[in-house]
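User: Could you go through a structure with me? I'd like to ask about a few places in it as we go.

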Amino acid sequence: MKIPDSIKVLVLVAWLCLPSMAVLSTDLVQGGAEGLAVLAFSIFIWACPLVLLPKLKQYLLLCTPLALLILPYAYMTVVYNSVPGDALVSASIHSDSAHALDVLRGFGWKLALIPVSALAYFMLARSISSPLHLSMARRKGLLAFLLLYAMSGMFVRQTLAKSVKMPALFEEYTANLSFPSNFVLSLQRVLRQHGAQSDLASVRGRAAGASAPLLVVLVIGESVRSDHLGINGYARATTPKLAAMGQALITFPDVASTANWTYAAVPNIVSRPVRRERASLVGTFKEAGFMTAWLSNQEPALYNGGADVSEFSDSEMDRHLRKDSTLLPLFKSFVRQAGPRQFVVLHMNGSHEPYDERYGGDSRIFAPTLSDIGVGFPHLEHKAEAINSYDNSIVELDTFLAQVIRALDAEARPAIVLFTSDHGENLFDDRRGLFMHAGSVATRADTHVPMLAWMNRPYLTQYPALAAALRANAGKKISHRNIFPSLLELGGIDWDQRAPEDSFASGHFLEKRRMAMSNVDEHDYDTLK
């Protein structure tokens, strides 16, 4: 029986979309609506070349090289419960031939399915009897449809998605889950990162004991003030998902940032002075044998220390349109594919003004917001709406951290996550009428930051002394300068200049005077108002 060309085309298109369909079996897709969005975006990507290629048969034949990737891509998606990420792509590109052959031998007979499936694809495409020519009118119609889809996705993201929960129709989040866009984006990041070297100083990080499997995650929020988290006593339920974790979550109520703006505050979290230079957390973990990732929704960071995997926001459009959830597929792929010992930094855009750009419709709990009243930059008379918008961004943070913790909870190896914010935020708190941060005078509101720690069961079992020290020191006066030594302690790393009294993960931790800097001067944090 002769198979109609239309059936052959449907089979070939379904094969090309197989990797995106495999994503639906993972926990990266939350619900049917998100699944449809992933498939729709994948079809959109595959359809774009047809605007220029008039013969459908020719186009399908040209896709044969990509057909070689279909089966291994879908297989790894199912096995790792995440799309093949930068770590796997980098390993595939940069592994020497002997190591690559060893890996391939491990697949055994399954390896033969790759060329067989690609050959079957090619033969089926070649057997199509008609060139299936697309007329100019049809290609113009296709172009109009694709543009309409893209414009509708952008419109929904900027309007409806702020009011109601909507799937990511046309966002980088979906592009990072769809094939072949995910592969292209991952390849782009890997090539950009290849050869990146750190010129930072070294404190000679080394494993203090056995190099056992371990995952350490640092999440850096943006403009988050401690007293607007429900788990810290705020009257509003801004952190219901974190609150549901109960005693498993350790909160640190008295943590001081070292500055009231990002570019001065973040270096004191992720680096440490060494003579006239600085050593980075990423570089020190890397020296101790950890695979490292710096995944950021902000600008490229000097202190990423030549991380093995790196992502950052590289345009003004990114900074306004990308949600922090964009980092989650990259994070989960790295965690599940990059080896047994890992250190990850997630740098959020968090609660940076304009607040209404930082959350989706499902986090819009408090209203009216600044967007509701048509105000961009608020003044004192808009205080209530500004706080509503800001608090909604905290609700979004709650969801983000809950998803990070959920991913770590599924780990069989010990895993720990530490969250803090670079600095706080002024929200017209007193007669000074101050708003935002980075003012000439540092305030308690823009330097008092939250800090949270969570450990999975394997971590609690294997490192009970570290867990006990965290709880014992939770109520003490802590500075961001204590994070560098504390994370190394939590990661079981020894290093030059190590001093147990600087680490709140140590039973020998000592409180010290804390200084907070504005762009004019530096003050004792405990004297700030």
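Analyst: What follows is a conversation about a predicted model, taken one region at a time.

User: Let's begin with helix packing. At what angle do H1 and H8 pack, and how far apart are their axes?

Analyst: Helix H1, which covers residues 5–16, packs with helix H8, residues 113–126, at an angle of about 150°, and their axes are 10 Å apart. That makes H1 roughly antiparallel to H8, since an angle over 145 degrees counts as such.

User: And which residues of H1 and H8 meet there?

Analyst: From H1 there are Lys8, Val11, Leu12, Trp15 and Leu16, and these meet Ser117, Tyr121, Leu124 and Ala125 of H8. Sorted by class, the contact of H1 with H8 comprises 7 nonpolar, 1 polar and 1 charged residues.

User: What is the handedness of the crossing of H1 and H8?

Analyst: The crossing of H1 and H8 is left-handed.

User: Now H5 against H8: how do their axes cross?

Analyst: The axes of helix H5, residues 64–80, and H8 come within 8 Å and cross at roughly 135°. The two helices H5 and H8 are therefore oblique to each other, and H5 passes H8 in a right-handed crossing.

User: Which residues do H5 and H8 bring together?

Analyst: On the H5 side they are Thr64, Ala67, Leu68, Leu71 and Pro72, while H8 contributes Leu113, Ile114, Pro115, Ser117, Ala118, Tyr121 and Phe122. By class, this contact of H5 with H8 has 10 nonpolar and 2 polar residues, with no charged residues.

User: Which way do the residues of E14 point?

Analyst: Met451, Ala453 and Met455 point one way from E14, whereas Leu452 and Trp454 point the other way, and all are buried. In general, side chains in a regular strand alternate between the two faces of the sheet.

User: What does E14 pair with?

Analyst: Strand E3, residues 249–251, pairs with E14 in the antiparallel sense over 3 bridges, and within that pairing Leu249 has Trp454 as its bridge partner in E14. Strand E10, residues 415–421, also runs antiparallel to E14 and is joined to it by 5 bridges, with Ile416 standing opposite Met455.

User: There's also a sheet with E13 in it. What is its strand order?

Analyst: That is an open sheet of 3 strands in the order E13-E4-E15, with mixed pairing. Its edge strands are E13, residues 448–449, and E15, residues 478–479, each of which pairs on one side only. Strand E4, residues 255–256, is joined to E13 by 2 bridges, and these two strands run antiparallel, with Ala256 opposite His448 of E13.

User: What is Ala168 in contact with, leaving aside its sequence neighbours?

Analyst: Setting aside the neighbours within four places in sequence, Ala168 is in contact with Ala37, Tyr173 and Thr174. As for Ala33, it is 135 residues from Ala168 in sequence, yet their C-alpha atoms are 8.9 Å apart in space.

Notes: Residues are numbered from 1 along each chain as its sequence is written. This is a predicted model: local features need pLDDT of at least 70, side-chain atom pairs count only at pLDDT 80 or more; totals for chains, interfaces and linings use all residues. Side-chain values use heavy atoms; hydrogens and water are left out. Contact means heavy atoms within 4.5 Å. Axes are lines fitted to C-alpha atoms, for helices over the stretch in contact, and angles run from 0 to 180 degrees between N-to-C directions. Helices (H or I, at least four residues) and strands (E, at least two) are DSSP runs, numbered from the N terminus. Angles under 35 degrees count as roughly parallel, over 145 as roughly antiparallel, 65 to 115 as roughly perpendicular and the rest as oblique. A crossing is left-handed if the near helix is turned anticlockwise from the far one by less than a right angle, and right-handed if clockwise. Ala, Val, Leu, Ile, Met, Phe, Trp, Tyr, Cys and Pro count as nonpolar, Asp, Glu, Lys and Arg as charged, and the others, Gly among them, as polar. Two strands pair if DSSP finds at least two bridges between them. Buried means under 20% relative accessible area, exposed over 50%, partly exposed in between (1.4 Å probe, protein chains only).
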